[in-house]
Amino acid sequence: AAIAAPSIPPSDTMVRWFNLLAMALAVGSIGFVCFVWQPAATESWPLVERRLDTIIWSGWVLLGLSSGLLLLLQTASMVNVALFKAATQPALFQVVQSTRFGRLWSARMELWLIMGGVLFLAQQFRQLRWLALIFGVVILLLNSLYSHAAATQDATVAILSDWLHLTMTALWIGGLVQFFGIIGLVRRSAASATPVLGRFVGYFSNYARIAVVGLAVTGLYAAWLQVGTLAGLRTTLYGQALLVKLLLLVPLLGLAGVNLIWTHRRLQAGQAVWVGRLRGLVGAEIIL
């Protein structure tokens, strides 16, 4: 009780948040194509396909940028300098060459480059998107290997749980971004967009349900492991952040439920007004 409550520098928060968003977009955008777009699209949509590829490549570029920022953050924390001043520190190379973080970071960058090569080939051979998705998911594992989970007593189970949690988050959130990006194009390209979008909503809802179940199970385990008590939700930074996260999750699940129960049926019934509502609901889910 005599120890002062730790504070989290804003740069740490922003870099880690950006890293999570980049991982979600890079992995989830490919997951959407593999699990939703390919089985649900019954005809060729060149314009929509280009938009899907643009979002995938955007996620890949942001993933590389976030990797560079993570290295700067780790170096800045070790030598106690500002984030971007770490780029000129000799310790930067020591971090890469002589620390566990550096070895994991190097492996992440190698996988990122390979993933980019696979995505390039996937423009001609679409089935290679599955391989790119696998490389992305392995990058998530490397992130879990230097997370809170890696510092626990039962590290193996905790790391695997954290990895699954990250993967489910990425598939859901990145998939939502991809879905949001194509709704307008499908509406303009299809003669009757409502049943087409209804079919996509049905596939995405099933996909998201699996993600939510995975998040619930792994989230409860992480909460028990990292917080442990109800009092910890109020008295620790980790617990307070988790509590806010849970409060945001309630309306998020509510919006997902609306899409599952009402939006899907209304679109299948041909009610065009629900196309605009779908875009708004998906946008609200992304923001939450």
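This short talk goes through the salt bridges in the structure above.

First, the ground rules. This is a predicted model, where local features need pLDDT of at least 70, side-chain atom pairs count only at pLDDT 80 or more, and totals for chains, interfaces and linings use all residues. Residues are numbered from 1 along each chain as its sequence is written, and side-chain values use heavy atoms, with hydrogens and water left out.

Side chains of opposite charge can pair when their charged atoms come close. I call it a salt bridge when a side-chain nitrogen of Lys or Arg is within 4 Å of a carboxyl oxygen of Asp or Glu. By that rule there are four salt bridges.

One of them pairs Glu49 with Arg129, at 3.1 Å from N to O. Glu49 lies in helix α2 (residues 46-79) and Arg129 in helix α5 (residues 129-144), so this pair ties together parts 80 residues apart in sequence. Helices here are DSSP runs of H or I, at least four residues, numbered from the N terminus.

Another joins Arg126 and Asp53, at 3.2 Å from N to O. Arg126 sits in the loop between α4 (100-122) and α5, while Asp53 is in helix α2, 73 residues apart.

Now, buried or exposed? Buried means under 20% relative accessible area, exposed over 50%, and partly exposed in between, with a 1.4 Å probe and protein chains only. Arg126 is partly exposed at 30%. Asp53 is buried at 15%.

Asp53 also forms a salt bridge with Arg129, with the closest N and O atoms 3.0 Å apart. Arg129 is buried, at 2% relative accessibility. Through shared partners, salt bridges join Glu49, Asp53, Arg126 and Arg129 into one network.

Terms used:
Helices (H or I, at least four residues) and strands (E, at least two) are DSSP runs, numbered from the N terminus.
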